[in-house]
Amino acid sequence: MTSVQHPTATWEAMDGGVFYRKQEVYTMQWKMKSLSDYIVCGAKYGGPIAMMRDPHKIVAFGTNQFSKPTVQIFSSSGELLQTIPWDQGTIISMGWTFEEQLVIINDEGMYRLYTLQGDYQQFSLGPEAAEMGVIDAKIYEQGLVALTSNITLFEVKGWTGSKPLTLSHPGFSEPPPCWALIEPDQTVSRHVEVLLPNEATIYTVDSLESVDQRLSRGPFSRLAVSPNGKWLALLTAIGLLWVVSADFQISLAEYDTTAEGLGSALQLIWCGNDAIVLVFDGLVVIVGPHGQTLRYHYASCPYAVGEMDGVRVVDSHQCDFIQAVPASANKVFRPGSTDPAAILFDAYDHFERKSPKANENISSIRPELAGAVDTLIEAAGQEIEPYWQRRLLHAAQFGRAFLDLYDPTDFVNMGQTLKVLNAARFYEIGIPITYSEYMFTTPEHLINRLTGRNMHLLALRLSAFLRISPDPVLKHWAVAKIKRSKPSATGAAAEEDDQATCNLIVEKFKEAGEAGRGVSFADIAKKAWENGRTRLATMLLDHEPRAADQVPLLLVMKEDTLALTKAVDSGDTDLVYHVLLHLQRQLSLGDFFRLLEEGGPRFAQATNLLQVYAREQNRELLRDYYFQDDRRVDSACLALDDAARAETNEERLEAVSKAAKFFSEDKDRGFEAKAMDEYAKLLALQKLLEDEAGGKISFVGLSVNDTIRRCITAGYLKRAEKIRSDFRVPEKRFWYIKLYALTETKDFEGLEAFAKSKRSPIGYEPFINHLVKTGHLKQAASYVQRCDAKARADLYVRCGEWRLAALECKERNDRAKLEELRRTCTNILGQRELEQVLATMS
């Protein structure tokens with residue numbers, strides 16, 4: 001217990017009562033003699049450090065272990081995570097994304113995003129940037145800005161390879177000695193702003209304009225923006241440090257770095273938002289808000305990484321974290337503090353020693369006891385040493401015992417959070433993230449960072465501990481397992497290796513229980529396929545329960561038959577259509593139809609859906625399918641349907657001829673073939689009739705009956721007779737057709753002549769019925785005498801001739817019928833006529 005250093009042992013005071021502390025986080029595991037020979041780039045939030053040898057520095061022969069340019073990535077504790085060989089030209093700049101991917105950009109505008117496993121995505125700023133040449137770039141978490149040789153700025157938003165945006169030109173031609181960015185989330189416009197020094201002033205450049213701030217204190221050699229984007233630190237060429245607001249309206253502090261002979265600063269960055277860090281060879285200087293300084297000496301050249309609540313300093317031997325002492329820790333540990341939190345911590349110390357003074361301390365702060373407990377909990381989160389974390393939480397727990405009503409949620413959450421932070425800070429993990437950064441980046445982000453380092457076991461345990469879905473971790477583990485497993489060269493052995501890898505992944509997900517059920521095997525299979533493991537990808541897809549996820553990947557993998565089988569088995573018609581249309585676009589028609597044919601009954605649903613689709617959307621495809629499948633009758637029916645839809649007689653005649661040909665090729669369809677021949681003959685005749693009529697009368701598309709009727713109504717009686725003869729129209733039907741046609745034209749004389757021409761094969765009642773139906777009662781009555789005598793009375797009644805009906809009854813001496821007619825007659829005039837005739841009979 002006594003070996004643990006007190007928190008205040010590393011505190012140093014500035015004027016104004018502000019304390020800063022330097023805490024040693026790690027003793028570095030690497031064997032670096034000095035970082036001055038390297039170009040170094042560190043990631044925020046306790047992230048990794050990328051290093052490459054500075055090509056401008058002379059290195060003793062035999063000391064460089066790499067003959068070619070190489071980028072090494074280390075954890076914050078100095079453990080080597082990855083080695084990246086580089087052969088893509090001169091590296092201009094390096095930086096880190098929020099997802100802890102290393103961005104490297106070269107002088108031709110090509111940039112790569114590397115994961116900690118060495119995988120990368122490559123993008124380019126385009127031919128214009130390549131032609132001009134990139135001389136510098138600034139990389140931030142969500143994008144980058146590149147500077148070309150002619151002072152053109154290209155901005156890239158996001159890391160998806162989007163097209164670069166050209167910012168406004170500042171209007172000068174000499175490259176600036178330094179420059180910086182204000183990130184989009186820190187500007188009013190929500191667009192990136194670039195600060196470009198030029199001679200004595202600074203230009204602010206965005207996508208719309210370039211504004212000269214009209215300063216006179218330059219030239220500037222270093223420039224840094226505070227983490228919140230509100231303040232700027234500028235180091236002039238003569239060594240004067242000037243701190244000013246981002247709009248250059250408020251001057252905060254000045255400090256002359258030459259006064260004490262410090263030389264030229266290697267770095268200028270911010271320590272939180274309250275102090276500036278100047279890095280020299282072997283020295284780190286903290287400059288406070290009012291020009292006060294603190295010095296920290298190092299055995300070799302240090303490198304500083306700005307954090308949101310401090311600065312991480314790394315040299316060849318150690319990794320330190322320097323920050324302003326947090327307010328909660330200041331209240332508890334500041335010498336002579338009378339804050340209730342300090343009194344409560346002291347009371348807990350007395351309680352452990354069983355001193356009665358503990359009760360006195362509690363009594364003195366009882367009104368502020370709840371606030372003191374909260375302060376101790378917050379202070380525990382700001383400590384790196386686990387011993388003092390426990391002491392502070394125990395003191396908070398001690399104070400909580402004297403409160404009747406206190407919500408323990410913060411206490412429990414802090415204990416849980418500190419377990420996670422201590423696990424991440426362990427030197428073998430090497431992520432010295434602070435409590436503030438952990439809350440800012442979220443626990444899920446920390447788990448993703450552990451996953452990216454292949455620390456799957458710790459990531460899974462933290463996911464379970466924090467009740468976070470482990471799906472991303474399990475998925476990443478499976479992909480990493482696939483990449484590490486190398487299949488055998490021979491076919492049978494390779495298949496066994498793939499099956500073993502598949503079984504291992506499936507079993508691991510089963511062991512995860514409910515947590516493993518949400519992982520998509522399709523995503524893992526896609527990664528396997530991208531790594532050249534097609535057979536393994538197919539095996540993994542068999543375990544994917546969602547066909548909608550299986551099928552697209554199978555199509556990409558060219559597993560066409562399996563994709564269609566899975567789609568049909570799913571019963572999802574939209575998915576089946578998706579596969580069919582994809583295959584129809586990708587395959588030749590012969591291969592496409594052959595695939596369907598080889599599927600047999602399995603693909604019956606698919607072929608039916610294909611026919612439904614093609615009939616409405618792609619009739620040529622349906623025509624080819626029927627022809628390839630030797631379906632003559634279906635082809636003929638399709639041709640008939642085409643004939644019905646045809647707009648010209650030539651197209652219709654051609655379609656009918658095709659239908660006749662298809663029917664004739666089937667020995668069981670002789671009748672249909674003959675019918676098609678007659679239909680073609682009818683179409684030719686109809687076209688001839690239209691030509692004779694000068695196009696004034698339409699015949700095409702009519703049936704034989706309607707064609708005859710149209711000829712009669714048009715006066716082409718001989719043509720009608722010829723059509724009847726040519727198409728062997730029955731005589732009865734012809735009489736009906738001519739009856740209807742002559743009635744339609746009201747050619748009653750012609751109708752009379754037609755009725756007298758020969759004995760009617762249909763009788764004369766149809767004449768009467770049709771004439772009555774069409775309202776020609778008088779003409780209908782003239783045909784009654786030609787009908788059977790027994791029906792004449794009723795027929796006269798239908799024609800409205802009551803008197804003639806009565807006379808017919810009298811002539812036949814049928815008094816009963818006459819009486820019946822009198823009873824049913826509703827016409828007064830008709831009743832009178834019936835009664836008169838009836839009176840003559842009596």
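Reader: Is arginine 535 buried, partly exposed or exposed?
Author: The model is a predicted one, and the class follows from the relative accessible area. Buried means under 20% and exposed means over 50%, with partly exposed in between. Arginine 535 has a relative accessible area of 35%, so the class of this residue is partly exposed.

Reader: Which residue meets arginine 535 in a salt bridge, and which parts of the chain does the pair tie together?
Author: The N to O distance in this salt bridge is 3.1 Å, and the partner of arginine 535 is aspartate 498. Arginine 535 lies in helix 14 and its partner in helix 12, so the pair ties together parts that are 37 residues apart in sequence. The partner asked for is aspartate 498, and the parts are helix 12 and helix 14.

Reader: Which arginine forms a salt bridge with aspartate 498 at 2.7 Å, and where does that arginine lie?
Author: The closest N and O atoms of arginine 533 and aspartate 498 are 2.7 Å apart. The two residues are 35 residues apart and link distant parts of the chain, with aspartate 498 in helix 12 (residues 491-511). The arginine lies in the loop between helix 13 (521-530) and helix 14 (534-541), and its name is arginine 533.

Reader: Are arginine 533 and aspartate 498 buried or exposed?
Author: Under 20% relative accessible area, a residue counts as buried. Arginine 533 has 7% relative accessibility, and aspartate 498 has 3%. Because of these values, arginine 533 is buried, and aspartate 498 is likewise buried.

Reader: Which residue forms a salt bridge with arginine 21, and how many residues apart are the two?
Author: The closest N and O atoms of the pair are 3.0 Å apart, and the partner is glutamate 383. Arginine 21 belongs to strand 2 (residues 18-27), whereas glutamate 383 sits in the loop between helix 5 and helix 6 (386-400). The pair thus links distant parts of the chain, and the separation between glutamate 383 and arginine 21 is 362 residues.

Reader: What are the relative accessible areas of arginine 21 and glutamate 383?
Author: Both values can be set against the cut-off for buried residues, which is under 20%. Arginine 21 is buried, with a value of 0%. Glutamate 383 is buried too, and its value is 2%.

Reader: How many salt bridges does the structure hold, and which residues are joined into one network?
Author: The structure holds 22 salt bridges.

Reader: Which residues form the negative surface patch, and how exposed is glutamate 378?
Author: The patch is formed by Asp374, Glu378, Asp407 and Asp410. Of these, glutamate 378 has its place in helix 5 (residues 369-382). Glutamate 378 counts as partly exposed, because its relative accessibility is 42%.

Reader: What is the phi of isoleucine 151, and is the residue buried or exposed?
Author: Most residues other than glycine have a negative phi. Isoleucine 151, in the loop between strand 12 (143-148) and strand 13 (153-157), has a positive phi near 60 degrees. At 0% relative accessibility, isoleucine 151 counts as buried.

Reader: Where does lysine 746 lie, and is lysine 746 buried or exposed?
Author: Lysine 746 also has a positive phi, of about 60 degrees, although it is not a glycine. The residue lies in the loop between helix 26 (731-744) and helix 27 (748-757). Its relative accessible area is 56%, so lysine 746 is exposed.

Reader: What is the radius of gyration of the protein?
Author: The C-alpha trace spans about 150 × 70 × 70 Å along the principal axes. A compact globule of 842 residues would have a radius of gyration near 28 Å. For the protein, the value is 49 Å.

Notes
Residues numbered from 1 in each chain as written. Predicted model: local features only at pLDDT ≥ 70, side-chain atom pairs only at ≥ 80, totals over all residues. Heavy atoms only, no water. Patch = residues over 30% accessible without salt bridge, like charges linked within 9 Å, V, L, I, M, F, W, Y side chains within 5 Å. Areas by Shrake-Rupley, 256 points an atom, 1.4 Å probe, with all protein chains shown as cover. Salt bridge = Lys/Arg side-chain N within 4 Å of Asp/Glu carboxyl O. Lys, Arg positive; Asp, Glu negative; His and termini not counted. Charge placed at Lys NZ, Arg CZ, Asp CG, Glu CD. Helix = DSSP H or I, 4+ residues; strand = E, 2+ residues; numbered from the N terminus. Buried < 20%, exposed > 50% of the residue type's maximum accessible area, 1.4 Å probe, protein only. Rg over C-alpha atoms; globule rule 2.2 N^0.38 Å.
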